[in-house]
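Hi,

Here is the structure I promised to pass on to you. Have a look at it first, and then read on for what turned up.

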Amino acid sequence: MDKFLIKQPRSSSGPFVSSHVVPEAQRETITPSSSNVDCILGVGSLKRDPGGRKLIFEYDSNIREVVRRHYILMGPYQPKLRVYPKTIFGTSNRQFNPEWFNAPNSAWLEYSIDDDAIFCLCCYLFKNEFESRGNARKSFTQDGFKTWNHGPERIRLHVGEVNSIHNKCLNRMLDFANQRQSIQSSLHKQSEKTKSDYRIRLNASIDVVRFLLRNGLPFLVMMRVKIRLQRSFS
């Protein structure tokens, strides 16, 4: 199993990040079920790790909905590592706590192995609908958040009140997911109705053939009636 190093922080002025090896977790490679999306987008893959994703507003508006549905189907990227990299804040070592993946953050909180930072899936997907690019904050969407000594506090601050940008984005994401489930349920019901209608037509055809046989109609006449029945039901 491959192993890789956690990369050093981008800014020399930031806190020191310890360098050590972590086990391989979920990688950015998309599963085979996503190949249709790749064909539609004309790209090799869509990044699973939030630290390496293309920003949602950078996709053409004609395919943006496809990208959103793809990421909603995949769910938030929540790799479970045996050890997360430690960052020194003052005299203490701090790191990401995987318990933060639990409710009420389970539907949206993501962790980037590449950036050793947390991101918000729903804000990544929909924040551009509620904030202009110039005014949009990058924390949790573009730059991620990694000040672990204030982790729970900053997560609560990010979520905010009921009408916060985050909760609006979360509701949009849940609506998308529910819409997909409704479509699948509708198709399933239609499929069941089609099967039921076919059984009704089949039984009617069998009853007609039996009637013709009982009344001694010539075989050719019986077959012509059967063909007409099949055409009328098709």
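**What turned up**

Among contacts in the protein chain between residues at least 6 apart in sequence, 63% join residues at least 24 apart. Please keep in mind as you read that this is a predicted model.

The secondary structure amounts to 6 helices and 6 strands, and from the N terminus on the order is β-β-α-α-β-β-β-β-α-α-α-α.

Strands S5 (residues 109-112) and S6 run antiparallel and are joined by 4 bridges. Between the two strands lie 4 residues, and in that turn Asp-116 has a positive phi of about 45°. Across the pair, Glu-110 stands opposite Phe-119 in S6. Strand S6 itself covers residues 117-120: Ala-117 and Phe-119 point one way, Ile-118 and Cys-120 point the other way, and all are buried.

From there you can move on to the largest nonpolar core, which has 34 residues. The members that touch the most others are Phe-96, Trp-108, Tyr-111, Ile-118, Cys-122, Leu-125 and Met-173. Two or more residues each come from helix H2 (64-74), S5, S6, helix H3 (121-126), helix H4 (151-159) and helix H5 (165-214). Of these, H3 gives the most, with 6 residues.

Trp-108 deserves a click of its own. Leaving aside residues up to four places away in sequence, Trp-108 touches Phe-119 and Cys-120, then Leu-121 and Cys-122, and also Pro-76, Phe-140, Ile-155, His-158, Val-159 and His-166.

Some of those partners lead on to helix H4. Which residues are buried in H4? They are Gly-151, Ile-155, His-158 and Val-159. Seen down the axis of H4, the buried residues fall within an arc of 95°, so they line one face of the helix. Arg-156 and Leu-157, on the other side of H4, are exposed. Just after this helix comes Gly-160, with a positive phi of about 70°.

I look forward to hearing your thoughts.

Best wishes

Key:
Residues numbered from 1 in each chain as written. Predicted model: local features only at pLDDT ≥ 70, side-chain atom pairs only at ≥ 80, totals over all residues. Heavy atoms only, no water. Buried < 20%, exposed > 50% of the residue type's maximum accessible area, 1.4 Å probe, protein only. Pairing = 2+ DSSP bridges. Contact = heavy atoms within 4.5 Å. Core = buried A, V, L, I, M, F, W, Y, C linked by side-chain atoms within 4.5 Å. Arc of directions from axis to C-beta.
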